[in-house]
Amino acid sequence: MGSTNSTLSKIPNVEELMQETGFTPAHVVRLYDRFEALDKEKTGHLRPQDFGAINRLAMNPIGDRIIGAFFSPGQETVDFHSFVRILAHFRPADQKRPKDPSMPEPVNSRTSKLKFAFQLYDQDKDGKISRAELLQVLRSMLEMQVTEEQLESIADRTIQEADLDKDDAISFEEFRKSLEKVNIDHKMSIRFLR
């Protein structure tokens with residue numbers, strides 16, 4: 001416990017960070033140790049190339065997009081607090097956490113997670129997922145498992161089903177609604193199978 005407190009005392013505004021992200025003191029210490037290990041030059045910041053040491057990201061077909069999500073446009077480094085906030089998107093949503101209207105939405109809320117996922121597709125940051133952006137992700141994820149014609153068919157069908165305003169792209173609201181529909185359909189099929 002002593003070393004946990006010692007490490008936590010090195011992190012400015014750690015209580016606020018834990019409140020915002022829902023990470024426990026032990027989690028924050030593990031993340032701090034991981035951050036320090038990735039920060040080979042001991043600058044207190046990570047660069048995109050520092051993430052190359054994470055094997056799961058290196059092997060992930062959209063690893064570059066995930067790494068890119070750590071960096072705002074024009075930003076070349078990320079500090080520890082930003083690192084933790086991004087990783088909080090991967091935590092399960094905390095359903096028991098009280099909703100305080102005066103506090104910002106938790107980083108690991110369903111809406112925040114959807115916004116994070118949306119940005120992995122919306123590479124030009126225009127607020128829409130174009131057919132070309134969707135095809136890029138599909139190519140990365142499916143690689144040689146399907147033909148280019150099949151990829152294009154999947155992209156076209158996805159846009160057609162999700163694009164409610166018929167502008168040939170998927171907005172965040174359309175993205176959210178499609179995933180809610182998928183979730184509802186999934187729950188209904190599970191109930192049917194019982």
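Helices (DSSP runs of H or I, at least four residues) and strands (E, at least two) are numbered here from the N terminus. This is a predicted model: local features need pLDDT of at least 70, side-chain atom pairs count only at pLDDT 80 or more, and totals for chains, interfaces and linings use all residues. Residues are numbered from 1 along each chain as its sequence is written, and side-chain values use heavy atoms, leaving out hydrogens and water.

Start with the whole protein in cartoon view. You'll find 10 helices and 4 strands, running α-α-α-β-α-α-β-α-α-β-α-α-β-α from the N terminus.

Next, select 109-144. UniProt lists this stretch, along with 150-185, as "domain: EF-hand" in an unreviewed entry; such annotations may be inferred rather than shown by experiment. Residues 109-144 are 67% helix and 8% strand, with their end C-alpha atoms 34 Å apart.

Now pick helix 8 (residues 131-142) and helix 9 (residues 148-162). Their axes (lines fitted to C-alpha atoms over the stretch in contact, with angles from 0 to 180 degrees between N-to-C directions) come within 9 Å and cross at roughly 130 degrees.

Show side chains there. On the helix 8 side, look for residues including Arg131, Leu134 and Leu138; among their partners in helix 9 are Glu148, Leu151 and Ile159. Contact means heavy atoms within 4.5 Å.

Last stop: helix 6 (residues 80-88). Its buried residues are Phe80, His81, Phe83, Val84, Ile86 and Ala88, where buried means under 20% relative accessible area with a 1.4 Å probe, protein chains only. What covers them includes helix 3 (25-38), strand 2 (78-79) and helix 7 (110-121).

Terms used: Buried means under 20% relative accessible area, exposed over 50%, partly exposed in between (1.4 Å probe, protein chains only).
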